[in-house]
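Reader: I have a structure to look at and would like to learn how its terms are applied. Could you go through some of them with me?

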Amino acid sequence: MNSIQTKLDRPIIFRTVDKTVYDSTLTSGSLWLRSSHYYRNIEDQTRADKSEGINGTQCSFALHFMPPSAQALSLEGNGTIGTEIIPHYIVSMHGTSIADKVRLEFGGFTMGVRCLADLSAEILFQVSQQLPVTSYRFGQVAYQRTALSMSHNLNSAALKLDGNPSIAVKSINTDVLRKDPVEPFILQDEWRIAIFTQGYLNNDANEPLKINVDTKHFYEYIKA
């Protein structure tokens, strides 16, 4: 039986994939990073995450806006209103609380990650060899909706209200480590590494960004 080999004082996390990807990662360090656009539009509609890369909320009760010198507006409903996060690529992992049925849906072959911080640093370096990188984040995903705010700054507005001056309704905080609390995604116990870039590879948000990292970042754990 394989044992946990995570570094001391680091989160015990894993990455689950199919056999082909599992073998490729363990033997060559192959990783494919994907954009939020890809996850919103993947062919498997049961796994397509329509809110990936968008920090938003629902108007479960009516919100009434009365901008100066403009028509009043009310919002209410189950749809999401929010702001899209700037371009970034994601590597997704999970902790120990993942539902086993979800782990099997991911492919059932589970490798351990020795140190999330070390892996994040090398992914940052490898991505920077292909695209200009502006920043990066890593950590556990929080499943919660964000609050909205009103602002005279119209950049990244979810909704623009006429008026003098105009008012923007926007997500108060755009955090790549936050996602809507909906199934099946809340069953993942997700951790992630996000790399923010200036645009996408070949200007195609659906094209994977392929890199190779040191295989020592991973260890074998479960073979389905």
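Reader: What covers the buried residues of α1?

Author: The cover includes the strands β1 (13–17), β2 (30–35), β6 (109–113) and β15 (218–222); strands are DSSP runs of E with at least two residues, helices runs of H or I with at least four, both numbered from the N terminus. This is a predicted model, in which local features need pLDDT of at least 70, side-chain atom pairs count only at pLDDT 80 or more, and totals for chains, interfaces and linings use all residues. Residues are numbered from 1 along each chain as its sequence is written, and side-chain values use heavy atoms, with hydrogens and water left out.

Reader: Which residues of α1 are buried, and what puts them on the same side?

Author: In α1 (residues 19–28) they are Y22, T25 and L26. They cover an arc of only 90° around the axis, taken from the directions from the helix axis to the C-beta atoms, and therefore lie on the same side of α1. The face turned away from that side carries the exposed residues T20 and T27.

Reader: Why is E220 called partly exposed?

Author: Buried means under 20% relative accessible area and exposed over 50%, with partly exposed in between (1.4 Å probe, protein chains only); E220, in strand β15, has 35% relative accessibility and therefore counts as partly exposed.

Reader: What does E220 touch, leaving out residues up to four places away in sequence?

Author: E220 touches N2, Y22, L26 and T110, where contact means heavy atoms within 4.5 Å.
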